[in-house]
Amino acid sequence: MTTAVVVVDVQNDFCEGGSLAVAGGVEVARGITARLSDGGFEHAVATRDHHIDPGPHFSATPDYVDTWPQHCVVGTSGVALHPDLETTHLDAVFDKGEYAAAYSGFEAISGGTPLADWLRERGVDRVEIMGIATDHCVRATALDAARLGFTTVVRLDLTAGVARPTVDAALQALQDAGIELIGAPIVRT
Ligand code: VGL
């Protein structure tokens with residue numbers, strides 16, 4: 001098989017100190033850096049939330065399920081990949097969500113190329129997914145990967161989740177989709 005590591009949204013705003021910090025984000029960034037240096041994959045890519053005006057995805061009174069404080073706004077430091085994520089192994093970075101919510105990395109593009117096309121052009125048939133947040137963008141990215149026909153593994157031990165109920169629902173959905181799950185996510189809230 002040809003494997004790509006897909007690093008989901010390990011950005012400043014989703015890590016400690018960010019505007020939508022997920023507890024354990026920095027730990028995830030460091031763990032993924034170690035994973036990337038271990039090798040055992042043909043390609044590695046990252047996705048970023050990349051908002052300009054995503055409409056009702058942002059709210060002054062967020063519910064932290066469907067609406068959120070402002071985060072990952074283009075032109076701010078919050079949109080950048082966290083400095084503890086070592087980027088030398090990354091082949092490309094895919095951006096999503098300019099004008100609407102986009103939880104799945106398969107909605108993201110890099111230099112005009114959607115993620116699925118980029119992977120298929122390189123013969124990738126297996127993806128190993130990790131990042132932030134377990135219950136939102138990791139979940140959506142993994143479900144899309146499986147639906148699109150990629151053999152899909154989620155490194156839960158290299159994810160952090162927003163909240164227990166939505167993490168539990170995500171684990172069930174991933175399992176129901178036949179996705180291989182490794183380890184347990186960080187959930188501290
Ligand atoms: C995410 C909440 C809002 C994520 C993105 O990357 O999981 N979560 N926007």
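Is Arg-155 buried or exposed? Select Arg-155 to begin: its relative accessible area is 18%, so this residue is buried (under 20% relative accessible area is buried, over 50% exposed, and partly exposed lies in between, with a 1.4 Å probe and protein chains only).

Before moving on, some ground rules. You have a predicted model open, where local features need pLDDT of at least 70 and side-chain atom pairs count only at pLDDT 80 or more, while totals for chains, interfaces and linings use all residues. Residues are numbered from 1 along each chain as its sequence is written, and side-chain values use heavy atoms, with hydrogens and water left out.

**Stop 1: the salt bridges**

Asp-157 has a relative accessible area of 30%, so it counts as partly exposed.

Zoom in on Arg-35 and Glu-128, whose closest N and O atoms are 2.7 Å apart in their salt bridge. Arg-35 sits in helix α1 and Glu-128 in strand β6, 93 residues apart, and the pair links these distant parts of the chain. Both residues are buried. (Helices here are DSSP runs of H or I with at least four residues, strands are runs of E with at least two, and numbering goes from the N terminus.)

Next, pick Asp-95 and Arg-48, a salt bridge with its closest N and O atoms 2.8 Å apart. Asp-95 and Arg-48 are both buried. The structure's salt bridge count comes to 11.

**Stop 2: helix α1**

Select residues 25-38. The end C-alpha atoms of α1 are 20 Å apart, which agrees with the 20 Å that its 14 residues should span at 1.5 Å a residue (the expected span is 1.5 Å times one less than the number of residues). Among its buried residues are Val-28, Ala-29, Ile-32 and Leu-36. Their cover includes β1 (3-8), β2 (43-49), β6 (126-132) and β7 (151-160), with contact meaning heavy atoms within 4.5 Å. Just past the helix, check the backbone of Gly-39: phi is positive, about 75 degrees.

**Stop 3: helix α3**

Jump to residues 134-147. The buried set in α3 includes His-136, Cys-137, Val-138 and Thr-141. What do the buried residues of α3 pack against? Show β1, β3, β6, β7 and α4 (164-176) to see their partners. After α3 comes Gly-149, again with a positive phi, near 100 degrees.

**Stop 4: an aromatic pair**

Select Tyr-64 and Trp-68. Their rings pair edge-to-face, at 6.0 Å centre to centre and 80 degrees between the planes. (Rings of Phe, Tyr and Trp, using the six-membered ring of Trp, pair with centres within 6.5 Å; planes under 30 degrees apart are stacked, over 60 edge-to-face, the rest tilted.) Trp-68 is buried at 3% relative accessible area, while Tyr-64 is partly exposed at 41%. The structure holds three aromatic pairs.

Definitions and conventions:
Salt bridge = Lys/Arg side-chain N within 4 Å of Asp/Glu carboxyl O.
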